[in-house]
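Open the model in a viewer and keep a selection panel at hand.

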Amino acid sequence: MPDQPERARFNGMPLPPSGWALAALLALYIFTGLIGHDPWRSDDAVTIGVVHSIVSNGDWLALSLAGNPYPDAPLYYWMAAACGHLFSWLLPVHEGARLASGACTLLALTFTLLAARELHGREQAPAAPLLLAGSIGFLFHAHEAQPMLAALTAHTAAYWGLTLLDRRPLRGACVFGSALGLGFLANGLAPMLPLLPVAAYVVWRSENRQQSALMLLGSLLLGGALSGAWLAALFAASPEYLQAFWQEESAQLGDNSAPLLSLWRFLMMLTWYAWPALPLAGWTLWAKRRQLATRPLALPIFAFLTTWVGISFCFAARSAPALLLLPPLVLLAVPGATSLRRGAANAFDWFGMITFSFFALLVWIGWSALVFGWPERLARQAARLEPGFSGQFNGFAVSFALLGSIAWCWLIATTPRSPMRGIMHWMAGLTLFWLLIAALWMPWIDYGKTYRPLSAALASALPEQYGCIAGANVADSILASLDYFEGIRTVAARSAAGRNCAWLLTLGPAREGSARAANGWRKVWEGGRPSDRHDHEKLQLYRREAKKGASKPER
């Protein structure tokens, strides 16, 4: 037999699985759940709606959503549209588009590893991508069509470039400049602004400030050239769209009227969102408290504080912008993860193994309730949450879930002791949990979240030729779903075109129907998803009465 390659070691102990085992684990984490379900009511549906417009009308320069301009930075939508087109022979557009999220996730993990190598060395660096992938908040967004993932990737690349600035200044400047430019194209100006003071701090701490300052200036020019190419093309082709884009950017920079409240809410969100990176970063601050001024610790600390303040002034406390807080927190947590005392490391390891083994058992029991009706009480609860759902046994999905469960047991039994064993088990356990949810529960979840049946019901309520439909208070995610599934588009009810429409689609309480009836509208249809029980969650379709002079413009 050929000699087996020697395993990588940390402080004399072997590291967690590497090579094919680690590659398979990361592939399962990244790509599981990207396909197999419809667009849902969230950023996922809106993004896929924009991608659908690109694929349908071929306009890659000025974005649109359901026939209306949608001023936003285009890079993620370009990636998603390219993936959707490239894999159109195999996957529907919405599933192919999500592969762009898989690409962004893979790049973000890679850049995080490279930045950790520069800050903490090759031995400790593997903890960084494991911590990022193991963060609960990251899991939520890594498997949806989410433009903020592209901004996150740009942030991780920017940190890698900044850590290279002293050792390999030209490469570091090129990486940082490219990250700035592509980050602007990915999500606009607001997410990238916090990186500028971080870059200034790196230059100030540099051993050769003059050289670093010149390189930073060059990187800014490179970033400006990358972003300016799209802006120049937009100015030539669609100046109105460019003006609308800058208005959106300007509004976002001063949009948050309560930044102090956002500061607090982002911090509270991190207590679950950034687990386990947050407690490990706290341990780093304590264990290395006499070394906080050194570059490996000072850079991520300053980057985290700057990003925390920056996004709090530009964004409300939502989970998508909080993604940008994870890279500096993960880089700060790496020394803590690799320096845990034996008792704490064993406790963390056992906590992860027991927690995810328990969660995996719960998922299997829930699947039994969905498919076989046992346990009966749990089956009744599932039927109450999603009325009308009928579970079906899927041999391929069950086999996939069984293999994942067996691999989890094998990993627990064979992973050698190491300071990173707890992190490895945590990330693998989170992957197992998501794999089981995607394989066993996805039909039930998709049944309650998809707008496909609702779109079909609305289409059947409309005549073959219905002219235009005015829309009032309908969320962008619903408009995107209606356009994607049935080609149904609306115009704003308050616009000149909307006032002349014979049809009106609204989202809101049914009690407003009497006021609309007085204005000459007659309700002809109402619908919602099976789980939509409240009036404010349901759509109503109205038709204008033909009586002359009986109608007034919708206000």
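Begin with the second largest cavity, which has a volume of about 30 Å³. A cavity here is a set of points on a 1 Å grid over the protein atoms alone where a 1.4 Å probe fits but cannot get out; grid points are joined across faces, edges and corners, and a volume is the space filled by probe spheres set on the points. Select Leu119, Tyr159, Thr163, Leu299, Pro300, Ala303, Pro328 and Leu331 to show the lining, meaning residues with an atom within 4 Å of a point. H7, H14 and H15 each give two or more residues to this lining, and the largest share, three residues, comes from H14. Helices are DSSP runs (H or I, at least four residues), numbered from the N terminus. By class the lining has seven nonpolar residues, one polar and no charged. Nonpolar covers Ala, Val, Leu, Ile, Met, Phe, Trp, Tyr, Cys and Pro, charged covers Asp, Glu, Lys and Arg, and the others, Gly among them, are polar.

The model is predicted: local features need pLDDT of at least 70, side-chain atom pairs count only at pLDDT 80 or more, and totals for chains, interfaces and linings use all residues. Residues are numbered from 1 along each chain as its sequence is written, and side-chain values use heavy atoms, with hydrogens and water left out.

Next, select H7 (residues 148–164) and H15 (residues 326–338), whose axes come within 9 Å and cross at roughly 45°. Axes are lines fitted to C-alpha atoms, for helices over the stretch in contact, and angles run from 0 to 180 degrees between N-to-C directions. H7 and H15 are therefore oblique to each other; that class is what remains after under 35 degrees (roughly parallel), over 145 (roughly antiparallel) and 65 to 115 (roughly perpendicular). Show Leu152, Thr156 and Tyr159 of H7 with Pro327, Pro328 and Leu331 of H15, which make the contact (heavy atoms within 4.5 Å).

Move to the largest cavity, with about 100 Å³ of space. Its lining includes Leu162, Asp166, Arg205 and Arg295. H9 gives the most to this lining, with three residues, and the classes are five nonpolar, one polar and three charged.

Which residues are closest to the centre of the largest pocket? Select Tyr70, Asp72, Asn187, Gln252 and Phe315, from a lining of 25 residues. A pocket is an open set of points with protein on both sides within 12 Å along at least five of seven lines. About 670 Å³ of space lies in this one, and H11 supplies the largest share of its lining, five residues. The lining has 13 nonpolar, five polar and seven charged residues.

The second largest pocket holds about 570 Å³ of space. Centre on Ala397, Ala438, Ala439, Leu440 and Met442, the closest to its centre of 27 lining residues. H19 provides the largest share, seven residues; the lining divides into 20 nonpolar, seven polar and no charged.

Finish at two loops. Ser135 is in the loop between H5 (127–134) and H6 (136–142). Is Ser135 buried or exposed? Ser135 counts as buried because its relative accessibility is 0%; buried means under 20% relative accessible area, exposed over 50% and partly exposed in between (1.4 Å probe, protein chains only). Leaving aside neighbours within four places in sequence, Ser135 contacts Tyr273, Trp275, Ala277, Leu326 and Leu430. Asn208 lies in the loop between H9 (195–205) and H10 (209–237), and at 36% relative accessibility Asn208 counts as partly exposed.
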